[in-house]
Amino acid sequence: MKNTVLICGHGPGISHALARRFGKAGYPVALIARNARRLADAVAELTSEGINARAFTADLSKIDAIRSAIMDAREMLGPIGILHWNAFLDIEGDLLSTLPEELSKSFSTRVTGYITAVQECLVDLTASKGAVLATSGIMALDTPQINAFATQYAALAIGVAAQHKATNLLVQTLAPHGIYVGEVIVNGFVTGTPGSHGASYTIAPGDVAKQFWELYTARHMHSVVVGKTVSITEAGCDD
């Protein structure tokens, strides 16, 4: 039996596509998010497709809530073999208008919660030689073009940049445990999500899930960029 895929920050886009991709490959799927009704709908949809899915309601900016949800998921579905971190707060505004409390909660969700989840899953991930997969965004990178784009998304940009650094550190830190770390950097708005309305270029969530699957199965590359909304030539990255 395959170990559980734990999806932290489930929503209708990338994380749901990933749940479907891995679930159809035989992995039990645990979904964690704040909205109980949306979680129930997602579980019903996945279950109708033959996927073993369960939902766990938690605020991923709170350490105790993360620990409790992971414990419940493990008890119900078995050991965690893959941790997918997809949690973030959708906050708009520049650095002069963003409230300090919003900055703090954004960081807590994107970084503190992320590392908490890794620590809580470490024993399972080590035993299974599992994986940590992180959804990132183009604002994690640092070029004049990207910074100009990110100005009105200050909390998001700072949070995802810190998460990107944390992921790079985890690549090194978890390697001795036999744990793979993979990151997909999304350069654009995801089809079907609120930010995609009116966007000239969007990315299908299934395409991002496919990239995660390819990273996970190959376990060779640790980061890939998907999409072309913002020029990243100066960052030295390509997809």
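A salt bridge is counted here wherever a side-chain nitrogen of Lys or Arg sits within 4 Å of a carboxyl oxygen of Asp or Glu. By that criterion the structure holds 5 salt bridges. The model is a predicted one, with local features needing pLDDT of at least 70 and side-chain atom pairs counting only at pLDDT 80 or more, while totals for chains, interfaces and linings use all residues. Residues are numbered from 1 along each chain as its sequence is written, and side-chain values use heavy atoms, with hydrogens and water left out.

Opposite charges first. Side chains of opposite charge can pair when their charged atoms come close. Here Arg-20, Lys-24, Glu-45 and Glu-49 are linked in a network of salt bridges. Arg-20 pairs with Glu-45, the closest N and O atoms being 2.5 Å apart. Lys-24 is in the loop between helix 1 and strand 2 and Glu-49 in the loop between helix 2 and strand 3, so parts 25 residues apart in sequence are tied together here.

How open are these four side chains? The scale used is relative accessible area, where buried means under 20%, exposed over 50% and partly exposed in between (1.4 Å probe, protein chains only). Arg-20 is partly exposed at 25%, as are Glu-45 at 34% and Glu-49 at 29%. Lys-24, at 54%, is exposed.

Moving inward, the nonpolar cores are sets of buried Ala, Val, Leu, Ile, Met, Phe, Trp, Tyr and Cys residues joined through side-chain atoms within 4.5 Å. The largest has 32 residues, and those with the most contacts inside it are Phe-22, Leu-31 and Val-184. Two or more residues each come from strand 1, helix 1, strand 2, helix 2, strand 5 (131–137), strand 6 (180–186), helix 7 and strand 9 (223–226). With contact taken as heavy atoms within 4.5 Å, and residues up to four places away in sequence not counted, Phe-22 touches Val-5, Tyr-27, Ile-82, Leu-133, Phe-212, Trp-213 and Tyr-216. A second, separate core of 29 residues includes Cys-8, Leu-77, Val-171 and Ile-179.

Helix 7 (residues 205–218) has 14 residues and reaches 20 Å from its first C-alpha to its last, close to the 20 Å expected at 1.5 Å a residue; the expected span is 1.5 Å times one less than the number of residues. Pro-205, Val-208, Ala-209, Phe-212, Leu-215 and Tyr-216 are buried in this helix. Down the axis of helix 7, its buried residues fall within an arc of 120 degrees, so they line one face; the arc is that of the directions from the helix axis to the C-beta atoms. An α-helix has 3.6 residues a turn, so residues three or four places apart point the same way. After helix 7 comes Arg-219, with a positive phi near 55 degrees.

Ile-66, Ala-69, Ile-70, Ala-73 and Leu-77 are buried in helix 3, and their arc is within 100 degrees, so they line one face of the helix. Asp-64 and Glu-75, on the other side of helix 3, are exposed. The cover over the buried residues includes strand 1 (4–8), strand 2 (29–33), strand 3 (53–57), strand 4 (80–85) and helix 4 (100–128). Just after helix 3, Gly-78 has a positive phi of about 100 degrees.

Finally, the cysteines. With a disulfide defined as a pair of cysteine sulfur atoms within 2.5 Å, the structure holds 0 disulfides. The sulfur of Cys-8 is 6.7 Å from the closest cysteine sulfur, in Cys-121, which is too far for a bond. Cys-8 is buried at 0% relative accessibility, and Cys-121 is likewise buried at 0%.

Notes:
Helix = DSSP H or I, 4+ residues; strand = E, 2+ residues; numbered from the N terminus.
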